[in-house]
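Work through the exercises below with the sequence and the model open. Try each task before reading its solution.

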Amino acid sequence: MENKIDNFQEVEKLLKKKKLQKIFVISGKNSFYKTGAEKLFFKILKNKEHFLYLKKGYLPEFSELINIIKLKDNYKPDLIIAIGGGCAMDLAKISSVFDYGKDLKKRVLNNDFSKTKTKVLAIPTTAGSGAEVTSNAVIYINNLKYSVEGLKLKPDFFSLIPKLLLSSKKPLDASAGFDAISQSVESLFSQKSNNVSIFFARNALKVLLKNTNNFIKNKNIYNAYQMALGANLSGKAINISKTIAPHALSYSFTTMYGVPHGHAVSLSLNKILKFNYFNQDKANCNFDIKKRYEYLFKLTKSKNIYELDFFFKKLKKNIKLEQNFDKLGINLKRDSKKIFSNVNQQRLKNNPVKILKSDIPIIFNKY
């Protein structure tokens, strides 16, 4: 069970514990230096033995994970601190539960964790993935995305420090914010959803839909905390329910065209919402989809699916998430086979209406 640390003073208290003598920090250059994390953490780490690793890649790549695990095994830290977005979090979480060995790739793919785990403190610098409270992580091997899942992956501690969200640029804020929104929406419709995940998803959307525009246009410490909280709640929702088709369809847009993750997810959210709505009679889930849409209509003050579609189109336009495939350099007609050949089947199976690979081009053209 994770322990929330409400502010930096509480983080400081945690790190002063005698048992935590060796600290391994995983972050990115922007996450650590531009956010102000450097000043905060070096102040309290100066009396601790610590090692700072700044990740090289934009995505959590297996090749970099190998280097991190080797460093961790040699250093033998008492605590790993992950400071950053989803990539830093995923690398920290996976490295905390694996030791190096020749069969590392096989063990990672099979979720065959090591017997021991290094404790993790997760501190997000973006309001997006909610990875600080999830028991899964992403790893890319040869440009293919894989999910590593298991209770041991969940960070032992997390802290929301809104000050660390103030330096990020608008495109990152828009992409990360929409990722949190889409996660919450998808959670409502997941086959694995339950009353608890619905509670987290609805409360996440209440916070995120109220604050996203202001956070991106007029960022301040208040709306930064609200966005961090909303993303955290969305993480708690999908930790139970997992995501559905929009996330399953997003990964090739990122790996092939460099579209940031949350932006990539936004490209299919409206289409999947309409597809599921107009195919409710084919649903194979154990809940009433109509009621889930009613939740969403109420949260977005929409009367029907068309107003809901307009709501999200307007939101994406306001936060400048480009939806024109040609402007993004994506040629769906030419590359559709390649784009959709690497769809994440785990997430696609969570969709309330069954989607075959042959359905995907139709969904993008029709909806």
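A disulfide is a pair of cysteine sulfur atoms within 2.5 Å. The model is predicted, so local features need pLDDT of at least 70 and side-chain atom pairs count only at pLDDT 80 or more, while totals for chains, interfaces and linings use all residues. Residues are numbered from 1 along each chain as its sequence is written, and side-chain values use heavy atoms, with hydrogens and water left out.

**Exercise 1.** State how many disulfides the structure holds, and classify Cys-87 as buried or exposed.

Solution. Applying the distance criterion gives zero disulfides. For the second part, buried means under 20% relative accessible area, exposed over 50%, and partly exposed in between (1.4 Å probe, protein chains only). Cys-87 has 11% relative accessibility, so Cys-87 is buried. Cys-285, at 17%, is buried as well.

**Exercise 2.** Locate Thr-126 and list the residues that it touches.

Solution. Helices (H or I, at least four residues) and strands (E, at least two) are DSSP runs, numbered from the N terminus. Thr-126 sits in the loop between β5 (119–124) and β6 (136–141). Its relative accessible area is 17%, so Thr-126 is buried. Contact means heavy atoms within 4.5 Å. Leaving aside residues up to four places away in sequence, Thr-126 touches Gly-84, Gly-85, Leu-165, Leu-172 and Ala-176.

**Exercise 3.** Describe how α10 and α11 cross.

Solution. Axes are lines fitted to C-alpha atoms, for helices over the stretch in contact, and angles run from 0 to 180 degrees between N-to-C directions. The axes of α10 (residues 245–257) and α11 (residues 261–278) come within 8 Å and cross at roughly 135°. Therefore α10 is oblique to α11; angles under 35 degrees count as roughly parallel, over 145 as roughly antiparallel, 65 to 115 as roughly perpendicular and the rest as oblique.

Next, look at the residues that meet. Those in α10 include Leu-249, Tyr-251 and Phe-253, and those in α11 include Val-265, Leu-269 and Ile-272. The contact of α10 with α11 has 10 nonpolar, five polar and no charged residues. Here Ala, Val, Leu, Ile, Met, Phe, Trp, Tyr, Cys and Pro count as nonpolar, Asp, Glu, Lys and Arg as charged, and the others, Gly among them, as polar.

**Exercise 4.** Where does Asn-142 lie, and is Asn-142 buried or exposed?

Solution. Asn-142 is in the loop between β6 and β7 (144–149). At 67% relative accessibility, Asn-142 is exposed. Asn-142 is not a glycine, yet has a positive phi of about 55°.
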